[in-house]
Amino acid sequence: MSLLVLQDVGKEFGAIRALSHVNLTIKPGEVVGLMGDNGAGKSTLVKIIAGNFPPSHGKVLFEDQEVHFTRPVDARSVGIEVVYQDLALADNLTAAANVFLGRELRRKVGPFSFLDHATMNQRTAALFRELKSETRPDDLVRAMSGGQRQAVAIARTRLAKAKLILMDEPTAAISVRQVAEVLDLIRRLKDAGIAVILISHRMPDVFSVCERVIVMRRGTKVADKPIDQSSPEEVTALITGAKEAA
Amino acid sequence: MSEFSPATGTEASDFSNVGRARWWRRGFFASQTAYVAAALIVIMIVMSFLSSAFLSPGNLANVAKNFSFVGIVTLGVTLVIVTGGIDLSVGSTMALSAITCAIVMQGLSGTVLDSIPLAGMVISLGAGLGAALLIGLANGVLIARVGLSPFVTTLGMLSIVRGLAYAVTEGRGQAPTGPDVNLFYEITDGNIAGVPVAIIYLLILAAVIGLVLHHTAFGRHVFALGGNEKAAALTGIAVERVKIAVYVLSALSAGFAGILMVGWLGSAPANLATGYELTIIAAAVIGGANLNGGIGGPAGAVIGALLIEVIRNGLVLAGINAYWQIVLVGGIIILAVLVDRLRTLRMTS
């Protein structure tokens, strides 16, 4: 069974063709690197999968069912979550509050319902333990390192029981030690059977966690091969256009 | 491809390499609200030595009543500020609600409703709060749904509502009349066990708002909006609805305080609470609400409003020219924010 299949997907914005004839398949639990220069069509592809807008043509299948996402909520409801580059966290709230934001656990007291702080903190702590991240549920996100913020954003997707997680440049702008932390988080997701599409500019990251690499150039897919049959040199050549396709 | 070693070998629960601030450097104790509260206590102690009249029951009751009106509205405006918005229309809303309440009470007296106990008063209170509700709804819809800037929208509303207050009354004060008027004065300007009712309303409302902000999903969403509105929208929070709700609550708090002021003044003049919006926003900011959104609470609103009133009262008792209080309040606003700024600089360095 394939988790996600794109068939001949294309997208035009007015006269601009952002994406044409893209075919790709993601299997359950697979970690795939998506690479390409700025303007290669990565973001457009990700936004189609995440449900920000529908493709102009082509089909999207999730778990062998054709899907038509028009809003991010549609994609989320089938199990596709996005970890945004800016992480989309509220700095002034605690880690647990961010993890449960928009789906707070409540306790009924008579006609009123109040937040169940204790259970939310416990479940968040359990998620962090599972991700082996040293992050406290009741610490404010403002005071956290880049790696801890990633853990919070990823814990959110775990809570949603995601089957596919799109990660947009998770290692941009964080320290070397934190990069290692984030890559570990991605390995934990794979261990838990969750598929990850890692959008990244960083060759070492892709080559250390991904099983497969997809390269985009000028709106088309120019390569899609197992990581052990490729090399950073080849991928660089594909991204820049020095090599046409592989 | 294992050039990266695992991030850590320790159990996630021991946090050996993650520092944590000491208890007095985080949470409430590290907040602007806490040290403004400390400053307030110091000022009150100094005042009581400087003027024997300060702690007299009469003066305390006076201070309590005066700051309660501002305090109640500050609670509502703090909600708006926490979402990252602003509400400049509250002073005008206080006036229009007060006038609506008084005029409806006048209009109903002498009609058949006189024979039904409380009917006239309940309807006029409802009308006053209803006027506030409509103003809040207009603000909220224009800001949340149409996407206008909160500053400009509520600045316009300030003028529209104040203009309506003058137009409706033709500038004449409106006194409440009718069979229930004594009861009206009792519930707006009475005392319970010697304590002015206004401050009792303030404390109850502060407790309720504290409960809502920190222990309900709505309250959490209010904070999330101020922290990162885009993130809040992405998580599926009904951003528009939360925003409209805070502007409605802000207007309702203003309407309620305006009606209490009618009881206090015995009349609803068209210039009631003119310029109060600035005192109210000042009280919220002194109490620790951050105009960038995401930070603030009812304790700060009450403490900020009290601090302004205590200083005003102290200057009066000390026989200092009343105009200086305006200068001093401005100075305190800047000082409170400055101290907070210095503290965060020290923490991040």
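Predicted model: local features only at pLDDT ≥ 70, side-chain atom pairs only at ≥ 80, totals over all residues.
Start with chain A and its six-stranded sheet. The sheet is open, its strand order is 6-9-10-3-11-12, and the pairing is mixed. Strand 6 (80-83) and strand 12 (220-226) of chain A stand at the edges. Each has a single partner strand, so one side of each has no neighbour in the sheet. On average, neighbouring strands of this sheet are turned by 20° against each other, with direction ignored.

Look next at one pair inside this sheet. Strand 3 (residues 31-36) and strand 10 (residues 195-199) of chain A run in the parallel sense and share four bridges. A:Gly33 has A:Leu198 of strand 10 of chain A as its bridge partner.

Helices pack on this sheet. Helix 6 of chain A touches strand 3, strand 9 (164-168) and strand 10 of chain A. The direction of helix 6 makes about 150° with that of strand 10 of chain A. Helix 8 (residues 232-240) of chain A lies across strand 3, strand 11 (212-217) and strand 12 of chain A. Helix 8 runs at about 25° to strand 11 of chain A.

Chain A also holds an open sheet of four strands. Its order is 2-1-4-5, and the pairing is antiparallel. Strand 2 (16-26) and strand 5 (65-66) of chain A are the edge strands, and each pairs on one side only. Strand 4 (residues 57-62) of chain A is joined to strand 5 of chain A by two bridges. Here A:Phe62 is the bridge partner of A:Gln65 in strand 5 of chain A.

Now turn to a helix pair in chain A. Helix 4 and helix 5 (residues 146-159) of chain A pack at an angle of about 110°, and their axes are 10 Å apart. That angle makes the two helices of chain A, helix 4 and helix 5, roughly perpendicular. Helix 4 of chain A brings A:Thr124, A:Leu127 and A:Phe128 to the contact. Helix 5 of chain A brings A:Ala151, A:Ala155, A:Arg158 and A:Leu159. By class, the residues of this contact are five nonpolar, one polar and one charged.

Chain B comes next. Its secondary structure consists of 13 helices and two strands. Of the 349 residues in chain B, 46% are buried. Among contacts in chain B with a separation of 6 or more, 78% are between residues 24 or more positions apart.

The axes of helix 3 (residues 90-108) and helix 4 (residues 119-145) of chain B come within 8 Å and cross at roughly 150°. These helices of chain B, helix 3 and helix 4, are therefore roughly antiparallel to each other. Their crossing is right-handed. Residues in the contact include B:Leu96, B:Cys101 and B:Val104 of helix 3 of chain B, and B:Ile123, B:Gly128 and B:Ala132 of helix 4 of chain B. This contact has 14 nonpolar, six polar and no charged residues.

Finally, bring the chains together. The contact takes 27 residues from chain A and 29 residues from chain B. On chain A, helix 2 (72-78), strand 8 (112-115), helix 4 (117-130), helix 6 (176-191) and helix 7 (203-209) each supply at least two residues to the side that touches chain B. Helix 6 of chain A gives the largest share, four residues. The side of chain A that touches chain B has 14 nonpolar, four polar and nine charged residues.

Conventions. Residues numbered from 1 in each chain as written. Chains lettered and ligands numbered in written order. Contact = placed C-beta atoms within 7 Å. Nonpolar A, V, L, I, M, F, W, Y, C, P; charged D, E, K, R; others polar. Buried ≥ 20, exposed ≤ 12 C-beta atoms within 10 Å, placed from the backbone. Pairing = 2+ DSSP bridges. Axes fitted to C-alpha atoms, helices over the stretch in contact; angles between N-to-C directions. Parallel < 35°, antiparallel > 145°, perpendicular 65-115°, else oblique. Left-handed = near helix turned anticlockwise from the far one by under 90°.
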